[in-house]
Amino acid sequence: MSTYNHWFIRARLKTRQLLLLVALAEEGNIHRAAQVLSMTQPAASKLLKDLEDVLEVPLFERLPRGMRPTWYGETMIRHARMALASLNQAHDELGALKKGHFGQVGVGAITSPGLRVLPAAVALVKQEHPSLRVSLDIETSPVLLDRLEQGRLDILVGRLYAEHDKANLRYEPLTEELVSAVARPGHPLLGMSGLTLRDVVSAGWIVPPSGSVLRHRFDLMFQQEGLPPPLNIVETSSLLFITRMLQQSDMMAVLAVDVAHYYAAHGLMSVVPIDLPCHMDDFGIITRTDRLLSPAGKVMMKAIKQISQAQYGRRLDPD
């Protein structure tokens with residue numbers, strides 16, 4: 001279909017209608033939404049009515065004390081947010097180009113590839129394009145996927161779980177993630193051989209928060225050996241706290257192998273010689289299928305794939 005035949009062009013969809021949808025979603029009241037947009041309430045009401053007439057569906061329920069989006073409204077609000085984020089990105093890219101900059105790209109990653117892939121990929125990009133602005137988030141996969149949907153990230157390296165909506169996502173797997181037990185340098189268990197889960201079930205453990213996938217598999221690992229999960233635990237995902245806590249105690253922690261080896265190489269912790277038969281699912285490169293990468297995004301994607309292929313040995317689509 002020709003671009004000029006799309007419904008939103010025939011309907012003369014206005015940017016202010018998109019802004020109004022988002023303002024109504026945030027304010028829940030047309031009077032306050034109109035104030036936010038510096039327009040009169042009658043003008044806001046007319047904009048909304050015109051849009052509903054074009055779409056031929058009600059976007060909001062009119063309540064005694066406000067407005068609530070219908071299912072149709074929720075859909076339009078989600079797409080309005082994405083469209084406005086894309087327009088803001090276009091403005092920022094044009095501004096950067098006017099100043100002689102190459103552009104900008106938002107990248108997210110979970111901790112393991114955040115240590116193993118992204119520093120080298122960013123360094124590679126900066127060698128060729130010093131003015132390219134890179135914003136980087138290291139977070140959990142659900143947080144990163146929300147930011148990708150909102151248009152705040154262009155590329156992420158993380159996981160997709162069953163509950164995630166994959167309809168508009170492209171996923172290229174990289175590798176599975178093994179885990180290690182770690183402790184402070186000089187910990188009594190470091191000099192022992194033949195350690196089993198029975199030897200460490202009574203130890204103090206720093207573990208991921210309850211409800212996380214790794215925590216579930218950590219507990220299940222002991223149960224499969226006929227042991228109760230450790231009772232002496234501290235729950236956190238903060239690496240800063242974990243490294244400090246290990247230095248001040250004989251507690252142990254469970255971390256991704258890449259993260260454990262990174263901190264061990266810097267003398268902040270040591271890998272305990274015990275095999276942990278639990279691991280995380282594959283992670284990979286995730287982008288949106290309904291958005292095109294900017295020139296800056298394409299440069300970053302090429303670098304991420306180049307470094308990932310070298311690190312994990314998996315052949316990747318060059319596009």
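What you're looking at is a predicted model, so let's check confidence before anything else. The mean pLDDT of the protein is 87, and 92% of its residues reach 70 or more. Confidence is lowest in helix α1 (residues 7–10), with a mean of 54, and highest in strand β8 (residues 233–235), at 96.

Now find helix α2 (residues 15–27) and helix α4 (residues 41–55). Their axes come within 10 Å and cross at roughly 105°. Angles from 65 to 115 degrees count as roughly perpendicular, so that's the word for how α2 sits relative to α4. Who does the touching? On α2, it's Arg-16, Gln-17, Leu-20, Leu-21 and Leu-24; on α4, it's Ala-44, Leu-47, Leu-48, Asp-50 and Leu-51.

Next, hop over to strand β6 (residues 169–183) and look at its pairings. With strand β11 (residues 279–288), β6 pairs in the antiparallel sense over eight bridges, and Leu-169 stands opposite Arg-288 of β11. Strand β9 (residues 252–256) also pairs antiparallel with β6, this time over four bridges; here Ala-181 has Val-254 as its bridge partner. Then there's strand β10 (residues 270–271), which runs antiparallel to β6 and is joined to it by two bridges.

How values were computed: Residues are numbered from 1 along each chain as its sequence is written. This is a predicted model: local features need pLDDT of at least 70, side-chain atom pairs count only at pLDDT 80 or more; totals for chains, interfaces and linings use all residues. Side-chain values use heavy atoms; hydrogens and water are left out. Axes are lines fitted to C-alpha atoms, for helices over the stretch in contact, and angles run from 0 to 180 degrees between N-to-C directions. Angles under 35 degrees count as roughly parallel, over 145 as roughly antiparallel, 65 to 115 as roughly perpendicular and the rest as oblique. Contact means heavy atoms within 4.5 Å. pLDDT is the predictor's confidence in each residue, from 0 to 100. Two strands pair if DSSP finds at least two bridges between them.
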